[in-house]
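Visitor: I have a model to go through. Can you take my questions as they come?

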Amino acid sequence: MSSAQPDFLSLEGPARAAIDTVLELLERDPAAPSTVRRLSEARKVHVADSLSGLGFERLREAARVCDVGSGAGFPGLVLAAVLPSAHFDLVESNSRKCEFMRRAAEAAGLQNVTVVDARAEEWAAPAAAGREAYDLVTARAVARLSTLAELASPLLAADGALLAWKGRRDDEEEAEMLRASDQLAMRPAEIRWVGPYAGSTNRHLHLVCKSGPTPEGLPRRAGMAKKRPRGSSGT
């Protein structure tokens, strides 16, 4: 695949068909966990935004990807459709959202997708299946950078990376991530502006690379990474 990210109209064959199936289910399923449900709007808001990550070689070459806080399945389902040789675990703690993603993956024939009904901290715990199992962790508009980096670190294998979809750049949030780097063994590597997309006029993608062994004590108990982010004044 070219380093230039595709848009939906440039997709062909199974990838486009699979994504259309997901979007059609999103539009007609009353249990779909998204406020953006019209097919034409979802292509702009969900699909274009998800595809923007393909500009990163780390994503294009990853064999195992963990999508944290998957929600309705974006970017995970879209990326799984266009990267069929990679396996995607979609980790989500809301069971209703997990059920929708399972229906969507089955309907779209995405055999490289597993939906995991668990918190990221549970999936990354010592002896858990997700512990240090991934080349890449993705997260779309889920939490602060240092929180995402803390959740990603114990999920990532050596030399793995986090790719985070964020909005407008925030100097304090980025400084917090730098302060937390040594505690998390996660080092900021690159920030790209990839917007605007419908619903995300200031989209930036942050690449944060694992820089050493998973620190002892990670993951902390559920919710602590969000409640008390590493690098903040309280930690």
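Visitor: Does Cys 98 count as buried or exposed?
Guide: Cys 98 is buried, at 0% relative accessibility; buried means under 20% relative accessible area, exposed over 50%, partly exposed in between, with a 1.4 Å probe and protein chains only. This is a predicted model, where local features need pLDDT of at least 70, side-chain atom pairs count only at pLDDT 80 or more, and totals for chains, interfaces and linings use all residues. Residues are numbered from 1 along each chain as its sequence is written, and side-chain values use heavy atoms, with hydrogens and water left out.

Visitor: Which cysteine sulfur is closest to that of Cys 98?
Guide: That of Cys 66, 12 Å away and too far for a bond. Cys 66 is also buried, with a relative accessible area of 0%.

Visitor: Switching to helices. At what angle do helix 1 and helix 2 pack?
Guide: About 120°, with the axes of helix 1 (residues 13-28) and helix 2 (residues 39-51) 10 Å apart. Helices are DSSP runs of H or I, at least four residues, numbered from the N terminus. Axes are lines fitted to C-alpha atoms over the stretch in contact, and angles run from 0 to 180 degrees between N-to-C directions.

Visitor: Which residues make the contact?
Guide: From helix 1, Ile 19, Asp 20, Leu 23, Glu 24, Leu 26 and Glu 27; from helix 2, Leu 39, Ala 42, Arg 43, His 46 and Val 47. Contact means heavy atoms within 4.5 Å.

How values were computed: Helix = DSSP H or I, 4+ residues; strand = E, 2+ residues; numbered from the N terminus. Disulfide = S-S within 2.5 Å.
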